[in-house]
Amino acid sequence: MITYSKHEFNEVTLTDISRVQNVALGTEAGSGHSYFFSLMELKDILQVLEQLAPLSLAESWDNVGLLVEPSKPRPTKTILLTNDLTDAVMEEAEAMTCDLIISYHPPLFRPIKCLVQKDWKQRLAIRAVEAGIAIFSPHTSWDSVKGGLNDWLVGALGSGQVSVLSQALSSTALSHKLEFRVRSAEELDTVMEELKACGSGATLQHSVSRPDSSGTHVTLACSDSALTPSVQTLLRHSTPSQSLSILKLEKHPLPGHGQGRLSVLHQPVTMATAVQKVKSHLGLGHVRLALGLGKTLESSVRTVAVCAGSGASVLSGVKANLYITGEMSHHEVLDAVAQGISVILSDHSNSERGFLAVFRERLTVRLPDTVNVVLSKADRDPLEVV
C-alpha cells in the first residue's frame with residue numbers, strides 16, 4: 001500500500017498525480033495501491049464552478065471565467081475567495097501559496113494591449129503569472145443563477161414570493177432557421193456540401209423530412225455568422241431558392257435565473273425593521289436610507305426589489321416599497337423617492353461580499369479534503385464611515 005503524508009505531498013511526481021487524480025479513499029485499478037487523498041487540477045475545479053453557476057448566465061458585456069491560467073499545471077490545494085482582487089489580497093494569496101483566486105469582480109475587464117507595472121491591475125496579473133496563481137471571475141453569473149447572490153440578498157428581509165426582474169434567456173449559437181425543398185437526395189448532398197464549405201466553421205444543424213410529390217423538405221438551423229453565406233448558397237440553386245423561408249429563433253426564458261429579484265414578503269415589516277435586518281444580513285454597522293415620499297420609519301414594507309452592486313438600471317421602473325442595492329446615483333435616488341419608493345444603499349461591494357461565505361460552503365462540499373477554500377481577510381469595501 002502506498003500512502004503519502006502531508007509533508008511528502010509536494011514530492012509526488014507527475015506520474016503519481018495522474019494515477020491518483022480523482023481517486024478518493026479508493027484503489028488504483030489493477031495496482032492494489034490505496035490512496036488517502038484526491039488531487040484536483042485547475043480544469044477539475046473549473047468544471048465544479050461551471051456546475052454551480054454556468055458562465056452562460058453572465059451578461060454579454062461581462063468578462064467572466066478563467067482570466068489568468070498558469071503555464072505549468074499543478075494540483076489545486078488552496079483556493080482564495082475575494083470580492084475584489086487588490087494588492088492586499090494578492091499579498092495574502094502569495095503568503096498562503098494560493099493556487100487559485102476566485103475574484104467575484106473581474107480584475108481584468110477591458111482589453112489589454114500590454115502588461116506593465118504602472119497599471120495596478122496589470123501589476124496584479126503579472127504577479128499572479130509569476131506566482132503560478134490562476135484567477136477566475138464569476139461576476140454576473142453569480143448574480144443571475146437561481147439561488148445565487150441576488151436570491152441571497154433578497155432573503156435579508158425574510159421569506160417571500162420571489163420573482164426575477166430581468167429574465168435570463170437560453171444561450172445558443174443557433175439564431176435562424178432556414179426551410180427549403182430539394183428535388184432529390186443528390187441535390188441535397190450537393191447543397192449541404194456547399195453549405196458546409198461556405199460556413200467557415202459556423203454552426204449548422206439540419207433535419208430532413210420524408211420526400212413527397214413536392215420534393216424533400218429540409219430544415220437548417222444556423223448561427224448569425226453563417227446566415228448570409230448560407231442564404232447566398234441556397235439562392236444559387238433553383239428549387240431551394242424558390243422555396244426558401246427564413247425564421248428568427250427566439251431564445252427561451254430560464255425560470256429562476258436572471259438579474260435582480262422582487263419579493264412579496266410573507267410577513268411585512270416596518271421600514272425601521274427592514275433597515276436592521278439588512279444591516280444584520282450584510283454584517284454592517286451602517287447603511288444609507290432614503291425614505292420614499294410620504295413614508296416614515298414606521299411605514300410598512302411588503303414588496304422589496306434588490307440588485308447586488310450597482311442596481312439602478314435593473315431596479316428602474318420596478319414597483320416596490322423598497323429598493324436594496326449597493327449604490328445609486330444622486331438623481332436615481334431622487335427619482336425613486338419621488339415615486340414613494342424608499343432606498344437602502346450599502347455601498348457597492350458590501351451588497352455582495354457576504355455571499356462569499358455561502359458560496360464557500362457550496363464549493364467546499366463538492367471538493368475533496370485536499371482542497372482548502374479560504375475567505376480573504378484582506379478584502380473589504382474601499383469606503384468606510386468615519
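This is a predicted model: local features need pLDDT of at least 70, side-chain atom pairs count only at pLDDT 80 or more; totals for chains, interfaces and linings use all residues.

**Entry 1: a strand pair**

I began with F180 and found its bridge partner in β8, which is V218. Next I asked how many residues of β8 (residues 216–222) are buried. I got 6 of the 7, so the rest of the structure largely encloses this strand.

The mean pLDDT of the protein chain is 88, with 89% of its residues at 70 or more. Residues 1–36 are where I stay careful: pLDDT stays under 50 there, although the model has 47 contacts beyond four places in sequence for them.

**Entry 2: the overall picture**

I noted 13 helices and 15 strands for the protein chain. It has 386 residues, and 46% of them count as buried. I also looked at contacts with a separation of 6 or more: 70% of them come from residues 24 or more positions apart.

**Entry 3: the nonpolar core**

The largest nonpolar core has 46 residues. I wanted to know which of them touch the most other members, and the list reads I79, I102, L157, L322, I324, L363 and L367. I followed up on L322. Leaving out residues up to four places away in sequence, L322 touches L157, M271, A274, V301, T303, V304, A305, I341, S342, V343 and I344. As a general note to myself, nonpolar side chains tend to be buried together in soluble globular proteins.

**Entry 4: helix α2**

For α2 (residues 42–52) I listed the buried residues: L42, D44, I45, V48, L49 and L52. They cover an arc of only 160° around the axis, so they sit on the same side of α2. The background is simple: an α-helix has 3.6 residues a turn, so residues three or four places apart point the same way. What lies over the buried residues of α2? The cover includes β1, β2, β3, β4 (134–137) and α13 (355–364).

**Entry 5: helix α3**

In α3, I found V89, M90, E92 and A93 buried. Looking down the axis of α3, I saw its buried residues fall within an arc of 155°, so they line one face of the helix. They pack against β2, β3, α4 and β15 (372–375). I also jotted down T97, which follows α3 and has a positive phi, near 50°.

**Entry 6: salt bridges**

I counted 11 salt bridges in the model. I went through some of them one at a time.

- D99 and R74 form one, with the closest N and O atoms 2.8 Å apart. This pair links distant parts of the chain: D99 is in the loop between α3 (87–95) and β3 (100–103), R74 is in the loop between β1 (65–68) and β2 (78–82), and 25 residues separate them. Is D99 buried or exposed? D99 is buried, because its relative accessible area of 6% is under the 20% cut-off. R74 has a relative accessible area of 32%, so I put it down as partly exposed.
- R127 and D87 meet in another, at 3.3 Å from N to O. This one also joins distant parts of the chain, with R127 in helix α4 (residues 120–131) and D87 in helix α3, 40 residues apart. D87 is partly exposed, with a relative accessible area of 28%.
- E361 and R360 form a salt bridge too, their closest N and O atoms being 3.0 Å apart. Both count as partly exposed, E361 at 44% relative accessibility and R360 at 24%.

I also noted a network: D84, R353 and D379 are joined by salt bridges that share partners.

**Entry 7: S166**

Last, I looked up S166, which is in strand β5 (residues 160–169). Its relative accessible area is 37%, so S166 is partly exposed. Which residues is S166 in contact with, leaving aside its neighbours within four places in sequence? I found H257, G258 and Q259. I also checked S144, which is 22 residues from S166 along the chain; their C-alpha atoms are 9.0 Å apart.

Definitions and conventions
Residues are numbered from 1 along each chain as its sequence is written. Side-chain values use heavy atoms; hydrogens and water are left out. A salt bridge is a side-chain nitrogen of Lys or Arg within 4 Å of a carboxyl oxygen of Asp or Glu. Helices (H or I, at least four residues) and strands (E, at least two) are DSSP runs, numbered from the N terminus. Buried means under 20% relative accessible area, exposed over 50%, partly exposed in between (1.4 Å probe, protein chains only). The arc is that of the directions from the helix axis to the C-beta atoms. Contact means heavy atoms within 4.5 Å. A nonpolar core is a set of buried Ala, Val, Leu, Ile, Met, Phe, Trp, Tyr and Cys residues joined through side-chain atoms within 4.5 Å. pLDDT is the predictor's confidence in each residue, from 0 to 100. Two strands pair if DSSP finds at least two bridges between them.
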